Amino acid sequence: MTPSFSSILVNDVFGDPGLFVEVRWSKRALLFDLGHNEALGPTRLLRASEIFISHTHMDHFIGFDALLRVALGRGKTLRLYGPPGLIANVQGKLHGYTWNLVDGYPLTITVQEFHSDGIRTATFPAMDGFQRCDGLNSTLSDCTADGSFTALRDPMFTVRATSLNHRIPSFAYALQEQFHVNVNKERLHEAGLPVGSWLKEVKQYLWQGKPDDFCFIATLYHEHRKEERECVLGEVRERFLTITRGQKIAYVVDARYDQTNERKIVELARGADIFYCEAPYLDRDADKARDRYHLTARQAGVMAKKAGARDLVVFHFSPRYTGLGHEIEAEAREAFRGK
Ligand SMILES: [Zn+2]
Ligand SMILES: [Zn+2]
């Protein structure tokens, strides 16, 4: 089975935190945090349209400019999601430049701020010189008792968010594929059907929840000819597809280790295939970690274990441990895999 999401840390474990998640078989990507991001290169950066910000400490937001630079002049909408104050932060960044020659530019930036009583939205269109335009407020959806909610709902996946205590709100996120669609290539081959973009369309129909009797015209590209064939969704699913549980990726940075944060993190990361968790400190410096509202490697490992995550990736190491990255990784692994 090839997973639908391929995820990579934007930087080395000692570099600015950030996670880039590519949606396979599409030209889409999601980006978690905007620290330094030159390492991604313009092509990947341009692919990111949905950007989730934990908080706007510099190491999580300084890359906004680089993203804006590659997106400027493109006909796209950059969607930013994050903590209270994000709209003013974006506005402040935009105010740092002169925008008298962008009126023909089709780029739009939308920002959604998550407050405990709902979502505030603002739009900054390039064609108006990025003048702020406030949108309507909306309520948080699917809010649970411990405060996690759905930040984004796409037919294929959802992104859930929860606010953690970092002395300011720091948002953690979990990306969850609705379900995974596996294609049985052997059976396709036996039936004389080619693989190809028609299967992408089939997946879209399934994610959109189309009924079994839904009919569609599939364009099939055989070796030397093209065929238009009428198909019934339920039949295609039955014969050639297997539906399995969807992939889950959790992203947690900059949070203190306390009971409330732990409960929220464990809940959010429950059953994650990959749990990306900050681990700036070794546990021998747990006091310093607590003072700075950060986690230790052991705490990251303990929470990953409690969450039943399949894999744990620790990052956002403090420069004080330069050359000791393997110790941080070992401490996290031991707490995660240990009995
Ligand atoms: Zn921070
Ligand atoms: Zn940080």
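Predicted model: local features only at pLDDT ≥ 70, side-chain atom pairs only at ≥ 80, totals over all residues.

Reader: Where does serine 26 lie, and what is 3.2 Å from a polar atom of its side chain?

Author: Serine 26 sits in the loop between β2 (19-23) and β3 (28-32). A polar atom of its side chain lies 3.2 Å from the backbone nitrogen of arginine 28. For distance, take alanine 255: from serine 26 it is 229 residues away in sequence and 33 Å away in space, C-alpha to C-alpha.

Reader: Now the metals. Which residues coordinate the zinc ion (ligand 1)?

Author: Ideal angles at a metal are 109.5 degrees for four tetrahedral donors. In this model, the zinc ion (ligand 1) is coordinated at 2.2 to 2.3 Å by His55 (NE2), His57 (ND1), His166 (NE2) and Asp254 (OD). Its four donor atoms subtend angles of 87 to 169°, so the arrangement is irregular. Tetrahedral would need all angles between 85 and 135 degrees.

Reader: What are the protein donors of the zinc ion (ligand 2)?

Author: They are Asp59 (OD), His60 (NE2), Asp254 (OD) and His316 (NE2), at 2.1 to 2.5 Å from the zinc ion (ligand 2). The four donor atoms subtend angles of 86 to 152°, which makes this arrangement irregular. In sequence the donor residues are spaced D-H-x193-D-x61-H. Histidine 60 lies in helix α2 (residues 58-61) and histidine 316 in the loop between β18 (312-315) and α11 (325-337), so this pair ties together parts that are 256 residues apart in sequence.

Reader: Are histidine 60 and histidine 316 buried or exposed?

Author: Histidine 60 is buried, at a relative accessible area of 0%. Histidine 316 has 11% relative accessibility and counts as buried.

Reader: How far apart are the zinc ion (ligand 1) and the zinc ion (ligand 2), and which residue coordinates both?

Author: The zinc ions are 3.7 Å apart. Aspartate 254 bridges them.

Reader: Next, the strands. How should I read β11?

Author: In a regular strand the side chains alternate between the two faces of the sheet. For β11 (residues 169-177), seven of the nine residues are buried, so the strand is largely enclosed by the rest of the structure. β11 runs antiparallel to strand β10 (residues 157-165), with nine bridges joining them. In that pairing, phenylalanine 157 stands opposite glutamate 177. The hairpin of β10 and β11 has three residues between the strands, and arginine 167 takes a positive phi near 70° there.

Reader: How does β11 pair with strand β16?

Author: β11 and β16 (residues 248-252) are antiparallel, over four bridges. Tyrosine 173 has tyrosine 251 of β16 as its bridge partner.

Reader: Threonine 150 is in strand β9. What does its side chain contact?

Author: Strand β9 covers residues 149-153. Threonine 150 counts as buried at 6% relative accessibility, and its side chain makes a polar contact of 2.9 Å with the side chain of arginine 160. Beyond its neighbours within four places in sequence, threonine 150 is in contact with Ser141, Asp142, Thr158, Val159 and Arg160.

Reader: And a helix? Which residues of α7 are buried?

Author: An α-helix has 3.6 residues a turn, so residues three or four places apart point the same way. In helix α7 (residues 233-240), the buried residues are Leu233, Gly234, Val236 and Phe240. Elements they pack against include α5 (185-190), α6 (197-207) and β13 (215-221).

Reader: Last, what domains does the domain assignment give?

Author: The assignment gives domain 1 (5-178 + 246-337) and domain 2 (183-244). Their C-alpha centres lie 35 Å apart. Between them, six residues of domain 1 are in contact with five residues of domain 2.

Technical notes
Residues numbered from 1 in each chain as written. Chains lettered and ligands numbered in written order. Heavy atoms only, no water. Donors = N, O, S within 2.8 Å, 3.2 Å for Na, K, Ca; no water. Tetrahedral: all angles 85-135°; square planar, octahedral: opposite > 155°, others 65-115°. Helix = DSSP H or I, 4+ residues; strand = E, 2+ residues; numbered from the N terminus. Buried < 20%, exposed > 50% of the residue type's maximum accessible area, 1.4 Å probe, protein only. Pairing = 2+ DSSP bridges. Contact = heavy atoms within 4.5 Å. Polar contact = N/O pair within 3.5 Å; in protein donor to acceptor, adjacent residues only side chain to side chain. Domains from an automatic or database assignment.
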